[in-house]
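Dear colleague,

Please read them beside the model itself.

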Amino acid sequence: MLFDLDLIKKVYSELPFKVQTARNLLNRPMTFAEKILYSHIFKPATKTYEKGKDYVDFAPDRVAMQDATAQMALLQFDTCGRDTVAVPSTVHCDHLIQAKLGADQDLSAAIDTNKEVYDFLSSISNKYGIGFWKPGAGIIHQVVLENYAFPGGMMIGTDSHTPNAGGLGMIAIGVGGADAVDVMAGLPWELKMPKLIGVKLTGKMNGWTAAKDVILKVAGILTVKGGTGAIVEYFGEGADSLSATGKATICNMGAEIGATCSLFTYDDKMGAYLKATGRAAVADLADHVKEYLRPDPEVYANPEKYYDQLIEINLNELEPYVNGPFTPDLATPISRMAEAVAANGWPDKIEVALIGSCTNSSYEDISRSASIAGQAKTKGLKAQSEFTVTPGSELVRYTIEKDGYLETFGEIGGVLLANACGPCIGQWARHIDDPNRKNTIVTSFNRNFAKRNDGLASTHAFVASPEIVTAYAIAGRLSFNPLKDKIINEIGQEVMLDEPKGYELPPKGFSVEDPGYLAPSANGKEVEVAVSPSSQRLQLLSPFTPWDGKDLMGLKLLIKAKGKCTTDHISMAGPWLKYRGHLDNISNNMLIGAVNYFNNQTDTVKNQLTGEYGPVPATQRVYKAAGIGSVVVGDENYGEGSSREHAAMEPRHLGVRAIIVKSFARIHETNLKKQGMLALTFANKDDYEKIQEDDTIDIIGLSDFVPGKQVTAVLNHSDGKADKIKLNHTYNEQQIEWFKAGSALNLIRKQFGK
Ligand code: F3S
């Protein structure tokens, strides 16, 4: 048994009391999402929180990490002094496998190329009580759904499609590595109380329509930003008619509308999936608290009163959608596709059709798609485009092989790819004659931004259900509508494809030989974490030095950044991704995208010791070697973008002592505080103009660093004059302790007597 039954028992035993307490505080009926949120507050709820405004400390039940983001998260966790993680956690090796030749060869190549990363992740998981899913075991969200997700639970995951677990009624939110470290270390996890969007589903799907079409339609309605700061809660008879895996597909792609997460309310379909995946005990427990795993009846009766926004979709009338190209919210019903292809000049010929991924590789998806593929043989058809199949897990792959579906796909030329992200995340060595030729691919994945799948700006990527993608593979044309169009077969006859048919769950059950799971040692104390000192991709972290109790004197201005400075400007992605586990190497990208106010150039700043201009990281390394601290100055909303912790760790590692800006993006400001950095804002924004290129800056008043009290900066200019300016901060008492200790993790270290 991989899931933690005791944890689930505890959550369910406390649920009735916690929900009733929150209901009394709110003095009104509650939605399902609110029941989960209020029952997962770090300290028992004693007041209500305003949606879209108040920040709340939560205590998630689980953490899941994928291999690309887990590296820095676990390197940080390694410094916090705990013997084991505070909550059940898992690592999933799925992002680093490149699709090139087919499942077996690609998996072997990845194990070879990424050996040191996998060795590190497996050894550190073993040490700290973290479950480890080997390369080839499957994609994080599918594996979580099959093994760990449970109705009414809350989890965070270091991947944006973590909300997939909402298909089993869980609040599951995608976060950065720093958040995962907090939760694994036993700290509260902060989130602004989300708004609520209700989606009422009526009717029942039929024919070619699939669960995917619900979210493709919702994306068209809400657009890529419409879910920002909100949880999307699906309910109604139509919701209850969808399989649990269909629900998961919808929740997965909620990421494409910017939603915090999406979820469905507990029902019999979820119970059936739990039982089919070896978790009858969880289903039984959930059945006993069912009323707490659904909205209160008054919410059903008057949903417009309890959701901030309400959408209604009638599944009887829903037709298949095809979304794209270049954005997942450009939704076209299949009946209008031919017209849209002609009007927009999209390439009609489909070159590659790809099914599977974490979004759409359930048994239902595969069996329905195979029912289409199987018709090619009986109707004298052949696939016109390349066709690939990516199972979401070894459990799915083994079962669909055993039940003959892989053979069916193989008969139309389908190529089986590894149980991994592959083409969904651009890990795809695509074979194409001319990379500049405008071309079309269709996938059952979730994202389709330019270059996402194959790195080519010329590729038009469309997203549809796996059934439609399979039909497209056979027809080879984007303008094809399988609901009404005929295809000419090999002997010149006109034939039509029959509607897909399949099974929600395998009639003969799921089976697997080796799911690819490694349980951690019961006592990991003696386990050595495998990192070679000469590695270019991994580096163990040393705890940052605590504050010495003195004011910060004689700091050099490193850069005065002008205009937008996002986490991408501070710590670029692209070719730097491979150094995500090596703080010193990745620090060579620090602020290389920021524009220097004094010369309007990127990555060219004045070294005050030599008077010469050079790259930002190299200049900072000179200051560090000389034992001189520095200051970075920035404009408005400094650090917007992602929650990437590297953007805060790199300046800390290279010896920057303070970041002074007009305003911060909130998550980056918190990340800086966590890393023990001073994050300050100009009390008077015009003081930004007083910063000169040769300034030496003193930050004084730190002996009286308390919440709400300003500190002072003295700007010593090269002409001998000086300006004294006031700086604001938002540190609370706890965060000031982080600063004093050198980082939030150092403080935890102290608590554990390390
Ligand atoms: Fe992987 Fe794509 Fe899912 S990158 S986690 S298969 S969204």
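In this predicted model, the largest nonpolar core comprises 228 residues, and those with the most contacts inside it are M170, I171, Y472 and I660. This core takes at least three residues from each of domain 1 (321-495) and domain 2 (552-751). As a general background, nonpolar side chains tend to be buried together in soluble globular proteins.

The centres of domain 1 and domain 2, taken over C-alpha atoms, are separated by 47 Å. For residues 557-684, an unreviewed UniProt entry lists "domain: Aconitase A/isopropylmalate dehydratase small subunit swivel"; over residues 557-684 the chain is 28% helix and 22% strand, with the end C-alpha atoms 19 Å apart.

Helix α23, which spans residues 646-654, is mostly covered, since 9 of its 9 residues are buried, and the buried residues include the charged-class members E650 and R652 as well as H646 and H653. After α23 comes G655, whose phi is positive, near 95°.

Turning to the ligand, there are 13 residues around it, of which S357, C358, C421, C424 and I425 come nearest. By class, the shell around the ligand consists of 7 nonpolar, 4 polar and 2 charged residues.

With best wishes

Methods:
Residues are numbered from 1 along each chain as its sequence is written. This is a predicted model: local features need pLDDT of at least 70, side-chain atom pairs count only at pLDDT 80 or more; totals for chains, interfaces and linings use all residues. A residue is near a molecule or strand if its C-beta atom, placed from the backbone, lies within 6 Å of it. Domain bounds come from an automatic or database domain assignment. UniProt positions are given in the numbering used here, feature names are shortened, and annotations may be inferred rather than shown by experiment. Helices (H or I, at least four residues) and strands (E, at least two) are DSSP runs, numbered from the N terminus. A nonpolar core is a set of buried Ala, Val, Leu, Ile, Met, Phe, Trp, Tyr and Cys residues joined through C-beta atoms within 7 Å. A residue is buried if 20 or more other C-beta atoms lie within 10 Å of its own, exposed if 12 or fewer, and partly exposed in between; C-beta atoms are placed from the backbone.
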